[in-house]
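Here are my notes on this model, as numbered points. Please read them with the structure open.

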Amino acid sequence: MVIKTEGLSFSFGAQQVVKSLSLQVPAGSIYGFLGPNGAGKTTTIKMLLNLLKTGEGSIHIFGQELQSNRINILSQIGSLIEQPAIYHHLTGKENLMNRALLLQVSEQRVDEMLKLVQLTNAAGKKAGQYSLGMKQRLGIALALLSDPKLLILDEPTNGLDPNGIIEIRELLMRLVAGGKTVFISSHLLAEIEKMATHVGIINNGKLMFQGTIHDLQNINQPMIRIEVDNTVDAANFLKRNNFTVNDINHDHLYVPFISKQQIGDINTLLVQNGMTVFSINKHHKDLEQLFLDITQSN
Ligand SMILES: Nc1ncnc2c1ncn2[C@@H]1O[C@H](COP(=O)(O)OP(=O)(O)OP(=O)(O)O)[C@@H](O)[C@H]1O
């Protein structure tokens, strides 16, 4: 394991915000650390980077205990938390050169990083004029200068438009293909599902789920969401016709998704039997619905 925590806890005064967290991040993974705002993601990340002192529990990174090996461990981690530390009056390349001087890495490495994050063409432009996505990519380039084995990113796609999100996703996938491990936090389930190999889900400081992306997909099966005039009648009717109805509320009912054909069949069946179908579509759960499922199955 690249990161292994056991019983990790942290409190701000009387408020415990991280509760006995046991994380396992395998080498070569993109580990999606998922949770709603305020769940404790940033606090956990700050502990992993030794920016906050661990309350209780232990942190091992690269197989070594963090406190007693922190200089060695932290020198092999690149990180980006909150806004990247960028000088706006300097160009992208100058920002990187500044850090390169400190780290004693070559200009060639700076150029390689610019290429990797696809900022070569914008290298001579002032960073203050960069879009949010370009700034995030510059932040990642800064984090990568020292060639760290592990990259820890706190919500790097926050505030980005869909193109910016795709660029970051593709970049992270390239990094992992090149042998690095990426730990990335997010509050967006759909975003993490598209790139992560492993997932940890945290809510109110507690780990609710941890496993591979396939384990997550097993508990996060897509549904057919049906909007009809009378959901109770429609649900009873579908059950009589051997469909499983998983959930029902005032406006919608939910049937496990099997195929597109089945969506057509259900539509025809309901309409032919006098029911009004307002909409019918394949539906993916959001994080809140997933929490309910996880809580119920525990
Ligand atoms: N410096 C602080 N002092 C007191 N409470 C804090 C402090 N920083 C965070 N908290 C509280 O700790 C809890 C967890 O915050 P944290 O920033 O770790 O969550 P998060 O999952 O990263 O959320 P977000 O995505 O909104 O940053 C929240 O209730 C927050 O209000």
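In which crossing does H5 pass H6? Point 2 takes this up.

1. Basis. This is a predicted model, where local features need pLDDT of at least 70, side-chain atom pairs count only at pLDDT 80 or more, and totals for chains, interfaces and linings use all residues. Residues are numbered from 1 along each chain as its sequence is written. Helices (H or I, at least four residues) and strands (E, at least two) are DSSP runs, numbered from the N terminus.

2. H5 and H6. H5 passes H6 in a right-handed crossing (left-handed if the near helix is turned anticlockwise from the far one by less than a right angle, right-handed if clockwise). The axes of H5 (residues 132-144) and H6 (residues 162-177) come within 9 Å and cross at roughly 20°. Axes are lines fitted to C-alpha atoms, for helices over the stretch in contact, and angles run from 0 to 180 degrees between N-to-C directions. That angle makes H5 roughly parallel to H6 (under 35 degrees; over 145 is roughly antiparallel, 65 to 115 roughly perpendicular, the rest oblique). On H5, the contact is made by Leu132, Gly133, Gln136, Arg137 and Ile140; on H6, by Gly164, Glu167, Ile168 and Leu171. Contact means C-beta atoms, placed from the backbone, within 7 Å. These residues divide into 4 nonpolar, 3 polar and 2 charged. Ala, Val, Leu, Ile, Met, Phe, Trp, Tyr, Cys and Pro count as nonpolar, Asp, Glu, Lys and Arg as charged, and the others, Gly among them, as polar.

3. H3 and H5. The axes of H3 and H5 come within 10 Å and cross at roughly 20°. H3 and H5 are therefore roughly parallel to each other. The crossing is right-handed. H3 brings Gly92, Asn95, Leu96 and Arg99 to the contact, and H5 brings Leu138, Ala141 and Leu142. By class, that is 4 nonpolar, 2 polar and 1 charged.

4. H3 and H4. How do the axes of H3 (residues 92-103) and H4 (residues 107-116) cross, and at roughly what angle? They come within 10 Å and cross at roughly 135°. H3 and H4 are therefore oblique to each other. This crossing is right-handed. Gly92, Lys93, Leu96, Met97 and Ala100 of H3 meet Glu107, Arg109, Val110, Met113 and Leu114 of H4. The contact has 6 nonpolar, 1 polar and 3 charged residues.

5. Ligand shell. Around the ligand are Phe12, Val17, Gly35, Asn37, Gly38, Ala39, Gly40, Lys41, Thr42, Thr43, Glu155 and His187 (C-beta atom, placed from the backbone, within 6 Å). Helix H1 (residues 41-48) gives the most to this shell, with 3 residues. The shell divides into 3 nonpolar, 7 polar and 2 charged.

6. Annotation. An unreviewed UniProt entry places "domain: ABC transporter" at residues 3-229. The end C-alpha atoms of residues 3-229 lie 51 Å apart, and the span is 34% helix and 29% strand.

Technical notes. Contact = placed C-beta atoms within 7 Å. UniProt positions renumbered as here; feature names shortened; annotations may be inferred.
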